[in-house]
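Please keep the sequence and the structure in view while reading.

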Amino acid sequence: GVDIDIYLVVEDITAVVPEADKALVEAVIGEAQVGMYLDVTLMKQIGATAPEEVENTSGTVTITFKVPENLRNTDPTIDRTYQIVRVHDGEAQIIGSSYNESTGIITFSTDRFSTYALVYTDKAVETPDPQPGTDEETPGGDQNRDDGKDTDKDKAPQTGDNTNIVGPVVGVVIALLLAAAIVIIRKKRK
């Protein structure tokens, strides 16, 4: 007959994260950069008793949070990927997560509550290779020519039909109007 409250507390502990947790995270992230450290704590409170920390659950809890603006990628030449590292009972592990770039929200599921790190990796966006046989293939090629002379290489290829259709269309319209006028005149004579 008493209320039970279960709630999650997520705090940024980047400034005070234990050195041991930092070392464990750095050992598993390779070339990735640490963006921030979080303390994720699941709490339960039964009635008026003091809240208690829950270290594990039998099932997973899905956690979502917004990546701070200063950790979001704004450079279009860079592709940034995020990962979550969990430190629990002296072991660091990268866990599955997903990031929604349009909302800035990262989501992951866990059954253990302790120190987490948001890490990211930046990679240059790959541009497609130029097509063989085009001026794009050789930097400084004829596309930079500015001598006022037109050459076949300087002109774009003709890909459309350049037939002038205005004359034939006007001719067809005039022929239809004449035919209609002849029909009207014949009807009036009858």
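## Valine 61 and its contacts

Leaving aside neighbours within four places in sequence, valine 61 is in contact with Phe108, Ser109, Thr110 and Phe113, where contact means heavy atoms within 4.5 Å. This is a predicted model, in which local features need pLDDT of at least 70 and side-chain atom pairs count only at pLDDT 80 or more, while totals for chains, interfaces and linings use all residues. Residues are numbered from 1 along each chain as its sequence is written, and side-chain values use heavy atoms, with hydrogens and water left out.

Valine 61 belongs to strand E4 (residues 56-66); strands (E, at least two residues) are DSSP runs numbered from the N terminus. With a relative accessible area of 25%, valine 61 is partly exposed, a class between buried (under 20%) and exposed (over 50%), for a 1.4 Å probe and protein chains only.

## Aromatic rings

Searching the whole structure gives four aromatic pairs, a pair being rings of Phe, Tyr or Trp (its six-membered ring) with centres within 6.5 Å, stacked if the planes are under 30 degrees apart, edge-to-face if over 60 and tilted otherwise. The ring centres of tyrosine 82 and tyrosine 99 are 4.5 Å apart and their planes stand at 55°, so this pair is tilted. Because tyrosine 82 lies in strand E5 (residues 78-88) and tyrosine 99 in strand E7 (residues 97-100), the pair ties together parts 17 residues apart in sequence.

Tyrosine 82 counts as buried at 10% relative accessibility, whereas tyrosine 99, at 25%, counts as partly exposed. Phe65, Phe108 and Tyr116 form one aromatic cluster.

Notes
Helices (H or I, at least four residues) and strands (E, at least two) are DSSP runs, numbered from the N terminus.
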